[in-house]
Amino acid sequence: MADSAGSPDNRSTTRQLQVETHGLDVIGDAERKGTPRTLFWPWFGANVSVLGLSYGAFVLGFGISFWQALVAGVIGIVFSFLLCGFVAVAGKRGSAPTMVLSRAAYGVRGNRLPSVVSWVLTVGWETVLCALATLATATVFGRLGWGGGTQTQVIALVVVAGLTVVGGVMGFDLIMRLQTVITVVTGVLTVVYVALVADHIHWSTVSALPAGSAQEFIGALVFMMTGFGLGWVNAAADYSRYLPRTSSSRGVVGWTTFGASVAPLLLLVFGLLLAGSSTKLNDAVAADPIGALTTILPTWFLVPFAVVAVLGLVGGAVLDIYSSGLALLSAGLRIPRPMAALVDGVLMIAGSVYIVFLADDFLGQFMGFLTTLGVPIAAWCGILLADLSLRRRDYDENDLYRPSGRYGDVPPTPLILTVLATALGWGLVTNSAASWLDWQGYLLAPFGLGGTSGAWAYANLGVLAALAVGFLGTLALGRGRVRAQEDAVSRAQEDAV
C-alpha cells in the first residue's frame, strides 16, 4: 500500500516554509514534486480577480454587442491561456524558469533581449495590480465613511505592496500555499458578490446593444488575448518546472489552461451583463475599474468585497513579482533571486504611486501598455512555441547556461525575426488614448488599411501578426538548427557507447 504521508503532494504542503533559494538553476530530481493537477491552484488564484468583471466594460468599449463581446472574450481568454499551457510543457521538460528555457531558441546571451521585455511586462502588470488594489481599498473605505483620501491610499498601498513583496521574496512554497487560500476565499466571496448585484442586470438593455464591425470585434479579441494569456506566457513555465519530467504533457496543458481560464470566463460573462445594463457603470469602470463595482453593493458587503478584491489582485501580483525577479536575473543581473524580487518590489511601489496619486486616465494608459508590449511578447511566444514543437528531446541542462554549448551564444535568426515581427506588429496597432504611443500604426496606410484613423486602426492586428511571423518564421528557418543540435546529441551518445 502506498504511503500517502510520503507522497509528493503531501510533502509539498507539510514541508517547513522557507525562503526559496532557487534562481535560474535547474530543479533537481529530489525537489520535483506534485502532479499537473496542482497547477490549477496558482493559475486559478492569479486570475480570479474581480478585475475580470471590469473587462466586461473594457471589451464593450470597442463598440460591439453583448454576443460579439462574449465570443471575443471566450476565444481570447481560452486561446491565450492555451498558449500558456504549451509554454508550461517546456517547464516540465527542462525544469528551469521560462526565461532560461528560452535560451534554447535565442542562445544564452541572445536571450537577454526577450528577458528584458519580459521583465518590463511583468513589472508593469504587478504595478497595475498593486495600484488597483490600493484604489479599490480607498474607495471602499470612502463609502464606509472611514476615510478614503490620501492617508487611506498610503496605508492601503503599504499593506498591498507588503503582501506582494513578501510573497515574491519567499518564493515558490509560500506562493503555492497562498494561492490555494486565495482561490477558496475569493471564489466564495465572488459568488456572493454576483448574487447581490444580479438584480442590476437588465437583459432588454444588454441585448439591445448594437453590433459592431468586424474590425471592432477583432480589436476586442486581441485586447482580451493581451489582457489575459499573453500577459502570462513569459512566466508560464516557472511553476511547471517543479513537476517530475514524467508528468503528462496533456495534463500540464489542460490544467494550466483550465485553471487560468475558468474564473475569467465566468467573471467576464457577468461583467458584460452588468456593464451592458448601465452606461453610467460602464463609464465609471474606465476611471476606477474595481472601485466602481462597489457603487452597486449594499454597505454591509463592502468590507468582504475589499477583501476579495485585494486578495485577488495580490494573487496575480505575487506571481508577477516572482517571475519578474527570475526575468531580471535572466537579463544578466547577478544577485540572489530574493533580492531581485525586492528590487522589482521597489519599482512596483514607485509605479503604483504614479498611478494612484498622479495619473489622470487609467484605462488609456493600461490599453497602451498592454498592446505595446503585447507585440514583442507575441513574437517571442511564437518563436518559443515553434522551437519547442521542433524538439524531440528534453533540454540539455548544462548547455542552457554555456554560451559555447549547443544552443549557442547570440544566434542572429531568432533575434532578427523578433525585431522584424515587432516592427511589423507596432506598425499595425494604434493607441490613441496614450499620447506617448501615437507613433505606432505606421504601416496601416501603406498596407491599404485606412491609416491611423481608418476602420482597421483599433483592430490591433499587429499582435496577431507578430505571433504568426514568430511562429511560422521559426518553423521555416529554425528547423535545421534544432535538427543539428539534436543530431549532435545522438552522435555523442553513439560515441559514448
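Buried, in this tour, describes a residue with under 20% relative accessible area, exposed one with over 50%, and partly exposed one in between (1.4 Å probe, protein chains only). The model is predicted, so local features need pLDDT of at least 70 and side-chain atom pairs count only at pLDDT 80 or more, whereas totals for chains, interfaces and linings use all residues. Residues are numbered from 1 along each chain as its sequence is written, and side-chain values use heavy atoms, with hydrogens and water left out.

**Stop 1: the whole chain**

Display the whole chain as a cartoon. The chain has 20 helices and zero strands; helices (H or I, at least four residues) and strands (E, at least two) are DSSP runs, numbered from the N terminus. With a radius of gyration of 22 Å, close to the 23 Å from the globule rule for 497 residues, the chain is as compact as a globular protein of that length. That radius is taken over C-alpha atoms, and the globule rule is 2.2 Å times the number of residues to the power 0.38. Along the principal axes, the C-alpha atoms fill a box of roughly 75 × 60 × 40 Å.

Of the 497 residues, 58% count as buried. A contact means heavy atoms within 4.5 Å. Among contacts with a separation of 6 or more, 86% are between residues 24 or more positions apart.

**Stop 2: helix H9**

Select residues 172-197, which form helix H9, and find Ile182 there. Is Ile182 buried or exposed? Its relative accessibility is 1%, so Ile182 counts as buried. Next, show Phe44: its C-alpha atom is 9.1 Å from that of Ile182, although the two residues are 138 residues apart along the chain. Leaving aside neighbours within four places in sequence, Ile182 is in contact with Gly45, Val48, Gly187, Leu311, Gly312 and Gly315.

Stay in helix H9 and select Met176. Met176 has 18% relative accessibility and therefore counts as buried. Which residues does Met176 contact, leaving aside its neighbours within four places in sequence? They are Thr38 and Pro42.

**Stop 3**

Select helix H7 (residues 112-144) and helix H8 (residues 150-170), whose axes come within 9 Å and cross at roughly 135°. This angle makes H7 oblique to H8. Axes are lines fitted to C-alpha atoms, for helices over the stretch in contact, and angles run from 0 to 180 degrees between N-to-C directions. Angles under 35 degrees count as roughly parallel, over 145 as roughly antiparallel, 65 to 115 as roughly perpendicular and the rest as oblique.

The crossing of H7 and H8 is right-handed. A crossing is right-handed if the near helix is turned clockwise from the far one by less than a right angle, and left-handed if anticlockwise. To view the contact, show side chains including Cys130, Ala133 and Phe141 in H7, together with Thr152, Gln153 and Val160 in H8. The residues of this contact divide into nine nonpolar, four polar and no charged. Here Ala, Val, Leu, Ile, Met, Phe, Trp, Tyr, Cys and Pro count as nonpolar, Asp, Glu, Lys and Arg as charged, and the others, Gly among them, as polar.

By class, the contact of H7 with H16 has ten nonpolar, four polar and two charged residues.

**Stop 4: helix H4 with H11**

Select H4 and helix H11 (residues 214-227), which pack at an angle of about 35° with their axes 8 Å apart. H4 passes H11 in a right-handed crossing. Residues to show include Gln68, Ile75 and Phe79 in H4, which lie on the H4 side of the contact, and Phe217, Leu221 and Met225 in H11. This contact divides into ten nonpolar, four polar and no charged residues.

**Stop 5: two loop residues**

Move to Ser95, in the loop between helix H4 (66-94) and helix H5 (98-101). Phi of Ser95 is near 60°, a positive value in a residue other than glycine. Ser95 is buried, with a relative accessible area of 0%.

Finally, select Asn460, in the loop between helix H18 (412-426) and helix H19 (461-477). Asn460 is not a glycine, yet its phi is positive, at about 55°. Asn460 counts as buried at 5% relative accessibility.
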